[in-house]
Amino acid sequence: QVQLVESGGGLAQAGGSLRLSCAASGSILSINPMGWYRQAPGKQREWVATTSGGSTNYADSVKGRFTISRDNTKNTVYLQMNSLKPEDTAVYYCNVKTWDVRGLRYDTWGQGTQVTVSS
């Protein structure tokens with residue numbers, strides 16, 4: 001079993017910044033990839049960014065504004081969000097894929113954290 005705890009959401013003005021964190025704990029031998037998704041009201045959940053094996057990828061809508069990073073010593077992934085826009089308003093979810101010592105794979109979602117950007 002793997003548990004994820006997200007933090008860092010909140011309210012920001014357009015042009016502002018927020019930083020999200022997602023810490024994983026439990027039976028973890030390795031974690032890859034780690035990513036962020038978001039879901040705006042009335043819309044489907046969409047992929048935002050992923051970090052895997054030292055590489056990072058971003059959705060076009062956030063490229064150049066958001067930065068994903070990870071601290072492997074803490075099993076934590078971060079999402080630094082700069083130049084926020086009202087359309088970034090959504091619930092943000094982290095997602096990690098992990099393996100335990102038995103070779104079992106888990107696909108785990110965080111509880112979600114609300115990000116609201118005012119114009």
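Analyst: A residue is called buried when its relative accessible area is under 20%. Keep that cut-off handy, as this is a predicted model and we'll be setting its computed values against such limits.

User: Okay, why does threonine 98 count as buried?

Analyst: Its relative accessibility is 0%. The limit is under 20%, so threonine 98 is buried. Threonine 98 belongs to strand S9, which spans residues 90–99.

User: And what does threonine 98 touch?

Analyst: Leaving out residues up to four places away in sequence, threonine 98 touches Val2, Ile28, Ser30, Ile31, Leu104, Arg105 and Tyr106. Touching here takes heavy atoms within 4.5 Å. Asparagine 32 sits 66 residues from threonine 98 in sequence, yet their C-alpha atoms are 6.2 Å apart in space.

User: Let's switch to threonine 51. Is threonine 51 buried or exposed?

Analyst: Buried: threonine 51 has a relative accessible area of 4%, and the cut-off is under 20%. You'll find threonine 51 in strand S5, residues 46–52. Setting aside neighbours within four places in sequence, the contacts of threonine 51 are Asn32, Pro33, Met34, Thr56, Ile68, Arg70 and Val77.

User: What makes the pair of threonine 51 and serine 55 a polar contact?

Analyst: A polar atom of the threonine 51 side chain lies 3.4 Å from the backbone oxygen of serine 55. The limit is N or O atoms within 3.5 Å, with one able to donate a hydrogen and the other to accept it, so this pair makes the list.

User: How do you know that the charged end of arginine 19 sits over the ring of tyrosine 78?

Analyst: The distance from the charged end of arginine 19 to the ring centre of tyrosine 78 is 4.1 Å, and the cut-off is within 6 Å, along with an angle within 35 degrees of the ring normal. Arginine 45 does likewise over the face of tyrosine 93, 3.8 Å from the ring centre.

User: Zooming out, which secondary structure does the protein chain have?

Analyst: The protein chain has 11 strands and zero helices.

User: Why is the chain called as compact as a globular protein of its length?

Analyst: Its radius of gyration is 14 Å, and the globule rule gives 14 Å for 119 residues; the two are close, so the chain is as compact as a globular protein of that length. Along the principal axes, the C-alpha atoms fill a box of roughly 50 × 25 × 20 Å.

User: How much of the chain is buried?

Analyst: Of its 119 residues, 40% count as buried.

Notes: Residues numbered from 1 in each chain as written. Predicted model: local features only at pLDDT ≥ 70, side-chain atom pairs only at ≥ 80, totals over all residues. Heavy atoms only, no water. Helix = DSSP H or I, 4+ residues; strand = E, 2+ residues; numbered from the N terminus. Buried < 20%, exposed > 50% of the residue type's maximum accessible area, 1.4 Å probe, protein only. Rg over C-alpha atoms; globule rule 2.2 N^0.38 Å.
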